[in-house]
Amino acid sequence: MEHQTSEPTATQQAAETLDGWYTLHDFRRIDWSRLKQVETTVRTKMINEFQTFLAELGQVEEQKEGSHALYTIIGQKADLVLMVLRPTMEDIQAVEVKMQKLDLYDYLIPTYSYVSVVELGTYRGSGEGNPYENPYVRDRLYPILPKSKHICFYPMSKSRRDGDNWYTLSMEKRKELMYRHGMIGRSYAGKIQQIIGGSTGFDDWEWGVTLFANDILQFKKIVYEMRFDEVSAKYGEFGEFFIGNRLESSELETHFAL
Ligand code: 76R
């Protein structure tokens, strides 16, 4: 008896990703009431120690062995975020441990953190040859973070609801949808820089989205516009949003002045 060809199963081809530097977003609240009890000279010393730490991170960035960014956070979810990128998760942890040993960090209370790895999708193909040797790809996988005035961070997943399950869509369909997503994204060229961190298996959501802009209103515009695009409208599920302003190391004395 002729063997019947089996029906295509619901299992779809997984998207291939290119993975770059590991990433930690470390959100902290400033414990002002305790900090107010610290003598000015002691506080200044703590800030200087923090500035030395930031200068060390700056040296790593100059060697192109990682990158970091310090921003304030507006609203009550946190007061500061330090975003750090490093080649390995061990390097990430080393920065985390070093940071936690700083005297100032006795007064910076953890409120949220996010762990991911810089990810590029290959829905548009990954070009000729080894993509990890392509300079354009390398610049995006191992990015030196922009010095933009503002940051926006939020975690998100793609839905697995019956009817709207991203993970049961065919590769062809996902490619088509991601193409449209990319086109919207590109219309923000020069206004928004985005870093997508893949976090499936690493943290509670599937991606961490970090956006940088000099005009803070562009965050609202791009996120709103994407909400009408099928990828986000039907399949996007979002966590908490954090936005903030760039905080230079040289501004820390003023920022912490009482
Ligand atoms: O064109 C390309 O080469 C890149 C295409 C591209 C991919 C594969 C792209 C472009 N993104 C991709 C993947 Mn994106 N992105 C988001 C958000 O709030 C929302 O609704 C969504 C949050 C924003 C604002 C954004 C911006 N992107 C992804 C993925 C992984 C999906 C997967 O693999 O299933 C997510 C979760 C995601 C989410 N995207 C762009 C942007 C911008 C600005 C671009 C254009 C960037 C450029 O061309 O340089």
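A residue is called buried when its relative accessible area is under 20%, exposed when over 50%, and partly exposed in between, with a 1.4 Å probe and protein chains only. The model is predicted: local features need pLDDT of at least 70, side-chain atom pairs count only at pLDDT 80 or more, and totals for chains, interfaces and linings use all residues. Residues are numbered from 1 along each chain as its sequence is written, and side-chain values use heavy atoms, with hydrogens and water left out.

**View 1. The whole chain.**
Of the 258 residues in the chain, 42% are buried. The chain holds 8 helices and 9 strands; these are DSSP runs numbered from the N terminus, helices being H or I with at least four residues and strands E with at least two. The C-alpha trace spans about 90 × 35 × 35 Å along its principal axes. A contact means heavy atoms within 4.5 Å. Among contacts with a separation of 6 or more, 79% join residues 24 or more positions apart.

**View 2. The manganese atom and His-181.**
His-181 is the only protein donor of the manganese atom of the ligand, through NE2 at 2.2 Å. Donors are N, O and S atoms within 2.8 Å of the metal (3.2 Å for Na, K and Ca); water is not among the atoms, so sites may look incomplete. His-181 sits in helix 5, which covers residues 171-186.

Tyr-154 belongs to strand 5, residues 150-158. Its relative accessibility is 6%, so Tyr-154 counts as buried. Beyond neighbours within four places in sequence, Tyr-154 is in contact with Trp-207, Gly-208, Val-209, Leu-211, Val-223, Phe-238, Glu-240 and Phe-241.

**View 3. The annotated binding site and Lys-158.**
The unreviewed UniProt entry gives "binding site" for Arg-140, Tyr-154, Pro-155, Met-156, Ser-157, Lys-158, His-181, Gln-194 and Ser-232. These residues are spread over 93 residues of sequence and also in space, with up to 22.6 Å between C-alpha atoms. Lys-158 counts as buried because its relative accessibility is 7%. Leaving aside neighbours within four places in sequence, the contacts of Lys-158 include Trp-166, Tyr-167, Met-178 and Glu-206. Trp-207, Val-231 and Tyr-235 are also in contact with Lys-158.

Ser-148 lies in the loop between helix 4 (135-141) and strand 5. With a relative accessible area of 8%, Ser-148 is buried. Apart from neighbours within four places in sequence, Ser-148 is in contact with Tyr-71, Phe-212, Ala-213, Asn-214 and Arg-246.

**View 4. Lys-64 in a loop.**
The loop between helix 2 (40-62) and strand 2 (67-72) contains Lys-64. Phi of Lys-64 is near 60°, a positive value in a residue other than glycine. Lys-64 is exposed, with a relative accessible area of 61%.

Lys-36 is in the loop between helix 1 (32-35) and helix 2, and is exposed at 56% relative accessible area. Lys-36 and Thr-200 are 164 residues apart in sequence and 41 Å apart in space, C-alpha to C-alpha. Gly-163 lies in the loop between strand 5 and helix 5, and is exposed with a relative accessible area of 76%. A separation of 41 Å divides the C-alpha atoms of Gly-163 and Leu-70, which are 93 residues apart along the chain.

Key. UniProt positions renumbered as here; feature names shortened; annotations may be inferred.
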